[in-house]
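Trainee: I would like to learn how to read a structure that is new to me. Could we go through it feature by feature?

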Amino acid sequence: MMKKLESSHCVIPLVVDLSSSSSDEETPLRPIICLKKREQLKEFEEKEDCFILDFDPYESIDISKLSVSNNLDTSDLSVVAEKGEVACRDFPHPRHACAKHLFEKTLHQDYCEMCYCYVCDVAAPCKSWTGDSGHCHAMNNEAWNALRNALRK
């Protein structure tokens, strides 16, 4: 029998084997709580033995999303340390996913030492990197994927 346990945070499907228990017994299963907000973490750690996080507890907090009083100048905030590696900065990545040169905010022909051409699968820049239809503009979409697949054959 498939049963859904509901809480105010999420719905978790459970498989319950009814063949091994009578219908009069109380089930030992408890709902599993799924936390959506980092702010709830401390509260639920004190009350619950087990819960699911719907976020990465080690992920950096984006200060632009924090509610800040109107008279606080956010330009005075500085990041003084970071922990761990960032995949789209510290490991090879396609140009459109670069964390050092954001695709939406920088020239597409800019690249870091870990960028590679999405079409050719070689270190950036490739032979066809620049120009109006240059590979520096490539991203994960249908048109670029078709060209990428054609070059692989």
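This is a predicted model: local features need pLDDT of at least 70, side-chain atom pairs count only at pLDDT 80 or more; totals for chains, interfaces and linings use all residues.

Trainee: How do I read a nonpolar core?

Mentor: In soluble globular proteins, nonpolar side chains tend to be buried together. The largest nonpolar core in this model is made up of 12 residues, including Cys98, Cys112, Cys115, Cys117, Tyr118, Val119, Trp129 and Trp144.

Trainee: What is Trp144 in contact with, leaving aside its neighbours within four places in sequence?

Mentor: Its contacts are Tyr118, Val119, Ser133, Gly134, His135, His137, Ala138 and Met139.

Trainee: Several of the core residues are cysteines. How many disulfides does a search of the whole structure find?

Mentor: The search finds 0. To call a pair a disulfide, the two sulfur atoms must lie within 2.5 Å. For Cys112, the closest cysteine sulfur is that of Cys115, at 3.7 Å, so the two are too far apart for a bond. Cys112 is buried, at 4% relative accessibility.

Trainee: How is a pair of aromatic rings read?

Mentor: A pair of aromatic rings is described by the distance of the centres and the angle of the planes. The count here is 1 aromatic pair. Its members are Tyr111 and Trp129, with centres 5.8 Å apart and 80° between the planes, which makes the pair edge-to-face. The pair links distant parts of the chain, 18 residues apart: Tyr111 is in the loop between β5 and β6, and Trp129 is in the loop between β6 and α3.

Trainee: Are Tyr111 and Trp129 buried or partly exposed?

Mentor: Tyr111 is partly exposed, at 35% relative accessibility. Trp129 is buried, with a relative accessible area of 3%.

Trainee: What about charged side chains?

Mentor: Side chains of opposite charge can pair when their charged atoms come close. This structure holds 4 salt bridges. One of them joins Lys100 to Glu113, with the closest N and O atoms 2.7 Å apart. Both residues lie in the loop between β5 and β6, so the pair ties together parts that are 13 residues apart in sequence. Lys100 is partly exposed, at 42% relative accessible area, and Glu113 is exposed, at 62%.

Trainee: Which residue does Arg148 meet in a salt bridge?

Mentor: Arg148 meets Asp121, at 3.2 Å from N to O. This pair links distant parts of the chain, 27 residues apart, with Arg148 in helix α3 and Asp121 in the loop between β6 and α3. Arg148 is buried, with a relative accessible area of 14%.

Trainee: What other arginine meets Asp121?

Mentor: Arg152 does, at 2.4 Å from N to O. Arg152 lies in helix α3 and Asp121 in the loop between β6 and α3, so this pair ties together parts 31 residues apart in sequence. Through shared partners, salt bridges join Asp121, Arg148 and Arg152 into one network.

Trainee: Where is the cis peptide bond?

Mentor: The cis bond joins Ala124 and Pro125, with omega about -5°. Pro125 lies in the loop between β6, residues 115–116, and α3, residues 142–152. Asp121 has its place in the loop between β6 and α3 as well.

Terms used: Residues are numbered from 1 along each chain as its sequence is written. Side-chain values use heavy atoms; hydrogens and water are left out. Helices (H or I, at least four residues) and strands (E, at least two) are DSSP runs, numbered from the N terminus. A salt bridge is a side-chain nitrogen of Lys or Arg within 4 Å of a carboxyl oxygen of Asp or Glu. Buried means under 20% relative accessible area, exposed over 50%, partly exposed in between (1.4 Å probe, protein chains only). A nonpolar core is a set of buried Ala, Val, Leu, Ile, Met, Phe, Trp, Tyr and Cys residues joined through side-chain atoms within 4.5 Å. Contact means heavy atoms within 4.5 Å. Rings of Phe, Tyr and Trp (its six-membered ring) pair if their centres lie within 6.5 Å; planes under 30 degrees apart count as stacked, over 60 as edge-to-face and the rest as tilted.
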